[in-house]
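The sequence and structure come first.

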Amino acid sequence: MSLAQDLELLEDQLNVERRKVDVATHNFSVRELVRMIAEKELNVAPDYQRMFRWTPEAESTFVESVFLGLPIPPIFVATNVGFQWEVVDGLQRLSTLVHFLSVNKAELAVIARSAPLPLTGLEKLNQLNGLTHEQLPRNLQVYFGRQPLQVVSLTDKSDLQVRFDVFARLNRGSMRLSAQEVRACVYQGKFNDLVSELAAFEPFTKMLKLKKVNQSDGTTAEQVVKFFAYKNYRDSFDGKIEHWLNKYMESVKKNPFNYSKESAAFQDAVKKLAEILGDRQFLRTGHSLTPLVQFETALVAIADLQADGVKIIQPADDWLSDEEFREASGAGSNARTMLTRRITRAKALLSGTV
């Protein structure tokens with residue numbers, strides 16, 4: 001193929017991908033943005049966001065930058081059902097504006113603050129140190145409230161996978177979101193609500209021993225999503241786990257899903273596995289963390305056996321160290337053949353057909 005043909009294909013590919021993206025750019029005053037947050041037109045506290053982390057000094061520096069008219073990066077939002085905007089990137093900046101301008105306790109509660117921000121540590125506008133917005137002269141309050149900030153919105157016409165990519169790419173700093181946290185934002189709805197509910201199911205969480213960082217990054221919720229995806233969407237598994245889970249969550253939004261039946265299947269599988277473990281955590285001998293691939297496989301295997309009416313037995317004490325089960329759950333485990341192999345092996349161990 002010639003270089004010209006290659007470039008033509010590249011241009012075609014670019015045009016196809018660009019059509020999946022639909023964005024709009026807006027300019028809003030500081031005061032208007034704070035009003036939109038108060039009236040829930042703009043959501044600064046979605047489930048996927050980290051807690052408000054900026055220090056008073058960092059907040060004050062941002063306020064000073066707005067006063068000085070320094071360039072401020074755009075705030076990125078996504079349009080959800082009902083045309084509410086949800087913050088993709090800019091949580092700390094918007095939360096700071098609420099912290100500085102609000103005096104209403106209900107408004108401050110949105111960012112988990114009880115009192116307005118007194119400015120501190122400023123060097124250029126040091127006469128503002130110690131002052132809250134309410135203590136400023138009226139003309140400075142008006143001036144600050146009128147300062148414009150740019151908002152870039154990803155509209156509801158954009159492809160859901162594109163929305164996932166945007167969220168992921170904009171959150172690659174020190175507070176990077178996990179794939180599941182981004183997924184929870186992009187694929188909001190009844191299924192995501194169910195995932196959040198089941199991720200807090202006590203028998204489920206008691207079995208998991210995770211690293212501290214994974215205890216609050218959506219890992220437990222992703223295990224729930226994987227349960228349903230491996231159980232119901234297994235035939236489409238392609239080994240690209242992140243993209244495959246996105247496709248599954250999108251498919252649930254578009255196709256019938258029996259919430260009561262599926263929820264019961266998950267809880268029944270969890271309870272049975274907890275019974276097998278005898279209230280112990282899901283750990284291999286000599287290890288301190290849950291082997292997640294084996295964990296999710298065991299739950300799916302139990303659900304399959306229960307659905308088929310197969311009696312589940314108490315496996316040998318060292319069943320998690322079974323050589324074939326471990327090998328099929330280790331390196332290269334995202335291959336479809338390995339998925340089938342480890343589920344088959346887990347079912348054999350749990351039904352006594354080894």
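## Leu-273 and the cores

Leu-273 touches Met-207, Phe-282, Phe-295, Ala-298, Leu-299, Ile-302 and Trp-319, leaving out residues up to four places away in sequence; contact here means heavy atoms within 4.5 Å. The model is predicted, so local features need pLDDT of at least 70 and side-chain atom pairs count only at pLDDT 80 or more, while totals for chains, interfaces and linings use all residues. Residues are numbered from 1 along each chain as its sequence is written, and side-chain values use heavy atoms, with hydrogens and water left out.

Leu-273 is also among the residues with the most contacts inside the largest nonpolar core, which has 52 residues; the others are Phe-204, Phe-228, Phe-266 and Trp-319. A nonpolar core is a set of buried Ala, Val, Leu, Ile, Met, Phe, Trp, Tyr and Cys residues joined through side-chain atoms within 4.5 Å. Buried means under 20% relative accessible area, exposed over 50%, and partly exposed in between (1.4 Å probe, protein chains only). At least two residues of this core come from each of α8, α9 (190-199), α10, α11 (219-232), α12 (241-254), α13, α14 and α16 (336-351); helices (H or I, at least four residues) and strands (E, at least two) are DSSP runs numbered from the N terminus. The most is given by α14, with 8 residues. Another core, of 31 residues, lies apart from it and includes Leu-42, Leu-101, Leu-136 and Val-151.

## Helix α8

Helix α8 (residues 179-186) is mostly covered, with 7 of its 8 residues buried. These are Gln-180, Glu-181, Val-182, Arg-183, Ala-184, Cys-185 and Val-186.

## Aromatic pairs

The whole structure holds 23 aromatic pairs. Rings of Phe, Tyr and Trp (its six-membered ring) pair if their centres lie within 6.5 Å; planes under 30 degrees apart count as stacked, over 60 as edge-to-face and the rest as tilted. Phe-204 and Phe-266 are edge-to-face because their ring centres are 5.3 Å apart and their planes at 65°. This pair links distant parts of the chain, with Phe-204 in helix α10 (residues 202-207) and Phe-266 in helix α13 (residues 259-277), 62 residues apart. Phe-204 is buried at 0% relative accessibility, and Phe-266 is buried with a relative accessible area of 0%.

Phe-282 and Phe-295 also form an edge-to-face pair, 5.3 Å centre to centre with 80° between the planes. Phe-282 lies in the loop between α13 and α14 (292-307), and Phe-295 in helix α14, 13 residues apart. Phe-282 is buried at 0% relative accessibility; Phe-295 is buried with a relative accessible area of 0%.

The axes of helix α2 (residues 30-38) and helix α4 (residues 91-101) come within 10 Å and cross at roughly 95°. That angle makes α2 roughly perpendicular to α4; angles under 35 degrees count as roughly parallel, over 145 as roughly antiparallel, 65 to 115 as roughly perpendicular and the rest as oblique. Axes are lines fitted to C-alpha atoms, for helices over the stretch in contact, and angles run from 0 to 180 degrees between N-to-C directions. Val-30, Arg-31, Leu-33, Val-34 and Ile-37 of α2 meet Leu-94, Leu-97, Val-98 and Leu-101 of α4.

Helix α3 (residues 56-68) packs against α4 at about 90°, with the axes 10 Å apart. Here too α3 is roughly perpendicular to α4. Glu-59, Phe-62, Val-63 and Phe-67 of α3 meet Arg-93, Thr-96, Leu-97, His-99 and Phe-100 of α4.
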